[in-house]
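Morning, everyone. I have one structure to walk through today. Have a look at it first, and then we start with a single side chain.

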Amino acid sequence: MHDNVENLILDLLEWAGRTERTYQETMEAWRTSCPRLPVWEEANDRGLLEVFSAKDYSAVRLTAAGFALLREKRPHCYEPPQRQGEKESRTTSRART
């Protein structure tokens, strides 16, 4: 059962790491009443996710620990978040070389 929860936690991290998710969206997708699959609760207890206040809603994002676990366990899907303009500067610098 532990492997199932672990894999689901990685699924949650992969899903949440792709784009900013609202807390409501996350709860609709990941909250469960099954005590044997506490995916959301386990990820929070481990400090892999955090809920933060956005403009007029609550949002969910991965913590540094969440990104580190995702990078370690699923390197094929790990893509670090990019800051505004970072992608353009990489493309520009590659074109120059």
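Let's begin with Y23. Its relative accessibility is 29%, so Y23 counts as partly exposed, because buried would need under 20% and exposed over 50%. Keep in mind that this is a predicted model.

Now, which residue does Y23 pair with through its ring? The partner is W40. The ring centres are 6.0 Å apart and the planes meet at 70°, so this is an edge-to-face pair. Y23 belongs to helix α2, residues 23-30, and W40 to helix α3, residues 39-45. The two residues are 17 positions apart, and the pair links distant parts of the chain. Is W40 buried or exposed? At 7% relative accessibility, W40 counts as buried. In total, the structure holds 2 aromatic pairs.

Stay on α2 for a moment. Its buried residues are T26, M27 and W30. These three cover an arc of only 100° around the axis, which means that they sit on the same side of α2. A reminder on helices: with 3.6 residues a turn in an α-helix, residues three or four places apart point the same way. On the other side of α2, Q24 and E28 are exposed.

Step back to the whole chain. The protein chain has 5 helices and 3 strands. Along the sequence the pattern reads α-β-α-α-β-β-α-α. Of the 97 residues, 30% count as buried. Now the contacts with a separation of 6 or more: 50% of them come from residues 24 or more positions apart.

Next, the sheet. In what order do the strands of the open sheet lie? The order is β1-β3-β2, with antiparallel pairing. The edge strands are β1, residues 21-22, and β2, residues 49-53, and each of these pairs on one side only.

Take the β1 side. β1 pairs with β3, residues 58-62, in the antiparallel sense over 2 bridges. Here T22 stands opposite A59 of β3.

Now the β2 side. How many bridges join β2 and β3? There are 5, again in the antiparallel sense. One detail to find on the screen: L49 has L62 in β3 as its bridge partner. β2 and β3 form a hairpin, with 4 residues between the two strands.

Last topic: arginines over rings. R21 lies over the face of W15, at 4.0 Å from the ring centre. R61 lies over the face of F52, and there the distance to the ring centre is 3.8 Å.

To recap, go back to where we started. Y23 is partly exposed, W40 is buried, and their rings form an edge-to-face pair. That pair joins α2 to α3. The sheet is open, with 3 strands in the order β1-β3-β2.

Questions, please.

How values were computed
Residues numbered from 1 in each chain as written. Predicted model: local features only at pLDDT ≥ 70, side-chain atom pairs only at ≥ 80, totals over all residues. Heavy atoms only, no water. Buried < 20%, exposed > 50% of the residue type's maximum accessible area, 1.4 Å probe, protein only. Contact = heavy atoms within 4.5 Å. Pairing = 2+ DSSP bridges. Phe/Tyr/Trp six-rings, centres within 6.5 Å; stacked < 30°, edge-to-face > 60°. Lys NZ or Arg CZ within 6 Å of the ring centre and 35° of its normal. Arc of directions from axis to C-beta.
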